[in-house]
Amino acid sequence: MNQSLFQTRGLWIGAIIIFSLLMIALFSLLPGMPDPTLIRVAEKLRSPSIEHWLGTDQLGRDLLGLTMRGASASLLVAIGAVTLGAGIGVPLGLMASAHENWLSQAVMRANDFIFAFPALVIAILLHDTVGAGIQNAILAIGIFNIPVFARVVYNKAQSIWTLDFIQAARLIGRRDINIALLHVLPLALGTIIVQITIQLGLGILAEAGLSYVGLGVTPPTPSWGRMLNEAQTLIGLAPRLALVPGLAIALAVLGFTLLGDALSEWVDPRKRNGG
Amino acid sequence: MLILIIRRLVGLLATLAVASILVFFLLEILPGDPAQLILGTDARPDTLLALRHEMGLDQPILTRLLQWIGELLTGNLGMSHTYHVPVATLIGERLPVSLPLALISLLLAVVIGIPGGILAAMRRDTWLDRAVRVKTQILLAIPNFWLAMLLVFVFAITLHWLPAGGFSGWRNIPNAISALILPAVALAAPQAAILARVTRAALIENLDDVYILAARARGLTASAALFRHALPNAMISVLSIMGLQFSFLLAGTIIIENVFYLPGLGRLIFQAVNQRDLAVVSGASMLLIASTIGITFVVDLTALIIDPRLRR
Amino acid sequence: MTALLDISGLSLTLKGRRLLDDVRLHLEPGKIIGLVGASGSGKSLTARSIIGLPPQGAHLTGNVLFNGRSLLTLSDDELCHLRGRDIGIVFQDSSAAFDPLMTIGDHIVEPIRWHLGLDRDAAVVMAKQALDRAEFPANIDAFHRYPHEISGGQRQRAMIAVAIALSPKLLLADEPTTALDVTTEASIFNLFRKLAREEGIAIIVVSHDLPAIAMLSDHIALIEAGRIVEETTTSDLMADAPPRLAAIFASSQPHDASPARVDSDIILRASHLSFEYRHKKALDDVSFSLRYGECLGIVGQSGSGKSTLARIITGLATPLGGNLEAAKTPCRIQMVFQDPMGSLNPRWTLGQSITEPLHTERLDPSTKMQRVINALQEVGLDADFAHRYPHQVSGGQAQRAAIARAIINRPDILVLDEPVSALDIGVRSQILDLLDDLRRRYGLAMIFITHDLGVARGIANHLLVMQQGRVVEEGATATVLADPKHAYTRALVEASPALNHKVFAPRPLEG
């Protein structure tokens, strides 16, 4: 069953990208690293050189350093949001699927209700309560992740709960929560993992969008989205200021997407050749 | 059948009600005194009191909630304290930009995405299929505002074919359209990618089903079986995804309008957030949310009409 | 008569594996041939290869002559002309074979208009005639119904109507009645015979159920691992069958059940049970009593209420009215389900599944292992099955494991819901023998639910025949089967393939 997974090119490319991303993010946070947020107006808009591999931005900050630090911000937000979303969404979906009664219907209705609020709108609404910053980003994206995970787990678990070995477990005297943890969850794990990779990728995109409009990570913490905002007016002058963070975002998201795609084909192999 | 429609309608209204209550309370919790915000920190206490009374801030919460809902229903979204103009008027001015933008993007996304997905499914596992998959993966990984910037760089700054931003009204139609092209493309690109993937996946899933084999056994050619049977069934799942995507499209306009300096609803919200103009933020957000809920309702209804299994 | 269909040397290779090997078949107009084989033997592939729709990537060689034309050399367009017009095919899973968005009528009209180019009104007339020829009950307006709105048996008839609408010369039926009740199956068989005799349609019926095939076909061919290994006529099957077919036939005739223990105590008493589901009476005034060491067979077709009764007995549902009393508390009840693969967690080893009932006891690993080995032994499996996963074993072996799980705690009552229906015919009698043996050894009280009277005969001491929620007949198995009093029971007896061949093998005496 596992052989075809490790032969998928997409899996390896995705994994390498993500691993590199993680390493870059961690590396950039090491105490000995030079602080990229240091403003040195005298060195503004330098072209790439030995000292600054990617040059500097309009405030003299090292572009490479900023980009590397931005990785840690994006990853932090994405991981935080997924933890929030899955942490609440998965148990919700599991328990709602256990019994088809009015309670589970109501829960799933409320769940789908949140879909009406795109993450950006939630961020806007939260902005005045929570304030801008990394908490706002994680909360807004995380809240939007909850119904995603709940719905995905609910749909998958529904078909599992009706299987006979669940009835057999009930007859043996197991309580629903034990059945959910021992039987249903392991079988739904593949789907959950795939969704996690998808939401991580989407989380990075969302964080970039939030930072772009100023609702995400606050200065001086570097963020790819905000870098894009600042690069916008200078695009004629120094296109690399827009190219670099954009490419970073695209690569990061692509890494997660490739990984997610490869995993989802492994989890749910469709026989392409009929039966 | 009628009962099902009415049930959906009731659901729609209930969701709208809950959404508005939620928005109200969210804005309720925010720290700080709106009156003080308007008058500044060194306003005199009695002026503050007078303004608070005028804004109705000294009423009990329940009364204010009911007032809020009542105002929503009558289309009174309050008064913008930045422009001193009713919020509804402001929104009305911005809609002629945002609405056409959203519609053009939707059209582009559908016209490119769905046929792309169909093509990929028809030529499954060939180079064409792989090309479509790779292109969609890349398009999905790109933030749409970055794509927007790249488009501006290439088509506006370098080639001078299209404007880099701004919108001068509908009186000059060719100008208006050319101002909306790049934004629409930037908005439509990721949507088209998603539609292509979903269409392809749904189509392939249906093509592997027994009823397609049965259609072939009745003598239909492979493409007849695809277009007459697999496609309509696949469209049902695609339709529900389209409904979900619409809310992302709307949220996307907020960012895109900023990139292109378009005087639309999205830019209004963005500026209002920065200016702490609560009335505008709440009113415009409610509009976005209401249209999302409305679209979901329409999608549900369409599914009900198309799929006989839902009519039990 | 010249052969309508002449297959020789048909071979199919897929991904390097030879799935069909030198298949030969010979069919004349108006004749019915039964292609019998276990799952995976290649019988369905043969049917799909004939109409030129093999699985993607399959490579076919050999000769398939249909009315003198070599089908394997035709282009797909030419084959499209034949499919649905000269050759019709009926699939096994009627619920999946229809486009859910189209009415039944549209499914029949489509090939008529596609092949003949008629306008809609003329096509509708032909389509309705097809429904009549398929003996669709006149009171149901199938034409305007959607596939999900009619029952399984009706859908099967609808599929037949679609296949015969243009009066094909050849009809391929892939497991057409496997999912159906015995009485519906009998009427579908009658329909096939009528079509063969009156319309001269040649029919190939693919199935794993030899006694059913024997009731229907003129010739029988046995396919194993992609090869036709034996052939015979049906009359020869009774008198002078080739060895493999004879063996399969014999194993499809279960022995009579061992007698129940005498004078044992009553463990369960049900009085006047009733249950409603969606305003219909699923159970109506059902009463019975069950003793230790006895097996009660509950026989009924779909809709008879037997599954509802199973759920009530096991406590998974509560009756609306009536009383269910157990003679002792706590009364331990366990259940064995129909689909062995669905009743075992696919990610757990068999050993883990079998010991799940022991979850309240704190056992150290070696004791647990010992209990597993003992349990496996009891059901006739080797110790190394403990480490295998469900997808690594056969259906019969998986069902044995499910039985081991059910009896590991020595329940008072064992409820079995169609435990052999999903298994191949050859395996059924082995499982029935095992259950019979376990009942005698441990004095279990068993409730065996089935739609198949032949199976009930092999396991039950007492029979409860149910129809639409009511008990229509009850009594000792031998009595009920030999002399059915109720009309419904009589119809069931007459329709059951296994009971109709009068090949009763008496149980070998204990030596």
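These legends walk through several close-up views of a predicted complex. In this predicted model, local features need pLDDT of at least 70 and side-chain atom pairs count only at pLDDT 80 or more, while totals for chains, interfaces and linings use all residues. Residues are numbered from 1 along each chain as its sequence is written, and chains are lettered from A and ligands numbered from 1 in the order in which they are written.

**View 1. Chain A is built from 10 helices and zero strands.** Helices (H or I, at least four residues) and strands (E, at least two) are DSSP runs, numbered from the N terminus. Read from that end, the elements of chain A run α-α-α-α-α-α-α-α-α-α. The C-alpha trace of chain A spans about 75 × 45 × 35 Å along its principal axes. Of its 275 residues, 50% are buried; a residue is buried if 20 or more other C-beta atoms lie within 10 Å of its own, exposed if 12 or fewer, and partly exposed in between, with C-beta atoms placed from the backbone. Two residues are in contact if their C-beta atoms, placed from the backbone, lie within 7 Å. Among the contacts in chain A with a separation of 6 or more, 71% are between residues 24 or more positions apart.

**View 2. A:Ala242 sits in helix α10 (residues 240-267) of chain A.** Is A:Ala242 buried or exposed? A:Ala242 counts as buried because it has 22 C-beta neighbours inside 10 Å. Beyond four places in sequence, its contacts are A:Leu228, A:Ala231, A:Gln232, A:Ile235 and, from chain B, B:Met149. Look also for A:Met227, 15 residues from A:Ala242 in sequence and 7.4 Å away in space, C-alpha to C-alpha.

**View 3. A cis peptide bond joins A:Pro219 and A:Pro220.** Omega here is about 5 degrees. To find A:Pro220, follow the loop between α8 (176-213) and α9 (224-232) of chain A.

**View 4. Chain B meets chain A through 38 residues of chain B and 31 residues of chain A.** Which elements of chain B each supply at least two residues of the side that touches chain A? They are α1 (2-29), α6 (127-141), α7 (144-158), α10 (222-259), α11 (265-275) and α12 (278-306). The largest share of this side, nine residues, comes from α10(B). By class, the side of chain B that touches chain A has 31 nonpolar, six polar and one charged residue. Here Ala, Val, Leu, Ile, Met, Phe, Trp, Tyr, Cys and Pro count as nonpolar, Asp, Glu, Lys and Arg as charged, and the others, Gly among them, as polar.

**View 5. B:Ala148 and C:Ala161 touch the most other members of the largest nonpolar core, which has 332 residues.** Such a core is a set of buried Ala, Val, Leu, Ile, Met, Phe, Trp, Tyr and Cys residues joined through C-beta atoms within 7 Å. Helix α8 (residues 173-207) of chain B gives the largest share of this core, 18 residues. Leaving aside neighbours within four places in sequence, B:Ala148 is in contact with B:Leu182, B:Pro183, B:Ala186, B:Ile256, B:Val259 and B:Phe260.

**View 6. C:Ser167 and C:Asp285 are two residues other than glycine with positive phi.** Phi of C:Ser167 is near 50 degrees, and this residue is in the loop between α5 (152-164) and β7 (170-174) of chain C. C:Ser167 counts as partly exposed because 15 other C-beta atoms lie within 10 Å. For C:Asp285, phi is near 60 degrees, and the residue lies in strand β12 (residues 280-291) of chain C. With 14 other C-beta atoms within 10 Å, C:Asp285 is partly exposed.

**View 7. The peptide bond from C:Thr329 to C:Pro330 is cis.** Its omega is near -5 degrees. C:Pro330 can be found in the loop between β14 (321-326) and β15 (333-336) of chain C.

**View 8. Confidence along chain C has a mean pLDDT of 88.** pLDDT is the predictor's confidence in each residue, from 0 to 100, and 97% of the residues of chain C reach 70 or more. Over residues 502-511 of chain C, pLDDT stays under 50, and the model has six contacts beyond four places in sequence for this stretch. For the complex, the predictor gives an ipTM of 0.84 and a pTM of 0.85.
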